[in-house]
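Have the model open while you read.

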Amino acid sequence: MMLAQNLRNLALKGLQYFQTYDWLMLMTVITLGYIGWIICLLLHILQSYTSLAGDVFKNPHDAWQRNNKMKVYLFGCVLMGAISVVLFMEHSPPLYHAYFSMTVFLWTQIVGEYQLIKTLCRWLSGGNYNYIIKILASSAVSIFILEFLVNSFTERKLYTWCFLIMGIVAAFYLFQAIPWRSGIPIYVCSACWFLSVFTLMPAEIPDNNGLVIASGAIIVIIGAAARWLDQHSEGNKYWLRISYHKMEKPRSPVLFFLQALLVGLSSVMVSLSTSHRKEKQELHAIHQLINWSIAGFSTVLPLFSENSLLSRLTSIFLGFAPSFLLLSIGYEAVFYGALALVLVAWILFENTILHLMMAKKLSASMKRTGEITMLENDVRYLQLSDVRIPLIFLILFNVAFFGTGNFASIASFEISSVYRFITVFSPFLMATLLIFKLFIPFMLVICVFSAITKLLQVPRVGCYFLVILFSDVMTIHFFFLV
């Protein structure tokens, strides 16, 4: 017994040693690597997608800076060589070399931009106190939202409070900015509150065939309302940019009716397939063929939609709805429509802000910070206020993931989700179908994000870089939670 207890204590000590071996060195190197990557990304955004590239980062000593960069890179190579020798002598794993090499490379790049960083610090300390306060406030709000997203990974009900508050704040702002009769503030608030309900639902989705079938009617109604607004909004200045059409030829409703028909047909097939399963009957091959045909054909149809923003997004929404319905078993089918309503609310909110900015006269301070300067292809520079776009994108992207549970929930692997497409056990095909189902809400959020960058004429790649930057801030927090 004494030997067994001694073995147990030694095993626990060995496990503790194994889990914390070189932990300080590894955590320091990896954290510095993430921070270095964030700084490099931030410098790239400032240089390539903001007006600071022309106003602040003008450097007449290019040859001198190149010589200094060569010295910095040479020093970085020598440092990495020395570290590699030490790691090799200590018989360190190959990953240690990878961690150190990436960190040294990133910080060598940062030190090589020393003159640029010095110029930026000099510009910030040159009396732009109001701008510094705005930067600090935006940073504080961004960190708060990112910390909220980190905590939402363990408590998805936080999104309920998030959308309740977002609905009130957005509606209050719009009430102050535009007339009451527009109806946009009420719609934005209602859509946010409707979506807030779903994160209170159980992560293990219960079977509810009737709800899936009713969701088909809801999706068609949403698509019809969007099409009606697209055709009857010529006189509404708050919708004009969203529904702009080149009226060279009449718009044919054939595509919309075809997509609506496919959504209705998918609801019928959901009912037939589920009734066969409940009666323990084998699903007919013709039913499987119809389901595959509906899903495949409807996914291709958005490629033939019109170029206007609302028409294209409506077509994408209707195009992926049949596939989502055929892979749904419960309330997640309603979530698809609720998410679409919130995405339209986001577009309306951004379009209203754009209209107010265009109507407002640009002040001298706005001109000084380069807010009206254009990059190329009619794309303007990023502004500090544009930080809200990647932040809202991250919130909606996470809601698309957690709104109906998560990937690890039982519902995600429920056999009835793929029964309408395949009845023979095939893990790879089943996994592909389930991942495709989970991808559809993400795809909606990504399409709306791209549409908003086009609507506001902001550089899309620059916004994506901001999304990556914010994601890396969250990653550092997750790393310390391990």
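Rings of Phe, Tyr and Trp (its six-membered ring) count as a pair if their centres lie within 6.5 Å, with planes under 30 degrees apart called stacked, over 60 edge-to-face and the rest tilted. This is a predicted model, so local features need pLDDT of at least 70, side-chain atom pairs need 80 or more, and totals for chains, interfaces and linings use all residues. Numbering starts from 1 along each chain as its sequence is written, and side-chain values use heavy atoms, leaving out hydrogens and water.

The whole structure holds 22 aromatic pairs. Take Phe 148 and Tyr 159: they sit edge-to-face, 5.6 Å centre to centre with 80° between the planes. Phe 148 is in helix α7 and Tyr 159 in helix α8, so the pair links parts 11 residues apart in sequence. Both residues are buried (under 20% relative accessible area, 1.4 Å probe, protein chains only). They also belong to one aromatic cluster, whose members include Phe 393, Phe 442 and Tyr 464.

Now the cores, meaning sets of buried Ala, Val, Leu, Ile, Met, Phe, Trp, Tyr and Cys joined through side-chain atoms within 4.5 Å:

| Core | Size | Among its residues |
|---|---|---|
| Largest nonpolar core | 99 residues | Leu 149, Phe 163, Leu 195, Tyr 336, Trp 346 |
| Another core, apart from it | eight residues | Met 80, Ile 83, Tyr 96, Phe 100 |

Finally, the axes of α8 and α9 come within 8 Å and cross at roughly 180° (lines fitted to C-alpha atoms over the stretch in contact, angles from 0 to 180 degrees between N-to-C directions). The two helices are therefore roughly antiparallel (over 145 degrees).

Note on methods:
Helices (H or I, at least four residues) and strands (E, at least two) are DSSP runs, numbered from the N terminus. Angles under 35 degrees count as roughly parallel, over 145 as roughly antiparallel, 65 to 115 as roughly perpendicular and the rest as oblique. Buried means under 20% relative accessible area, exposed over 50%, partly exposed in between (1.4 Å probe, protein chains only).
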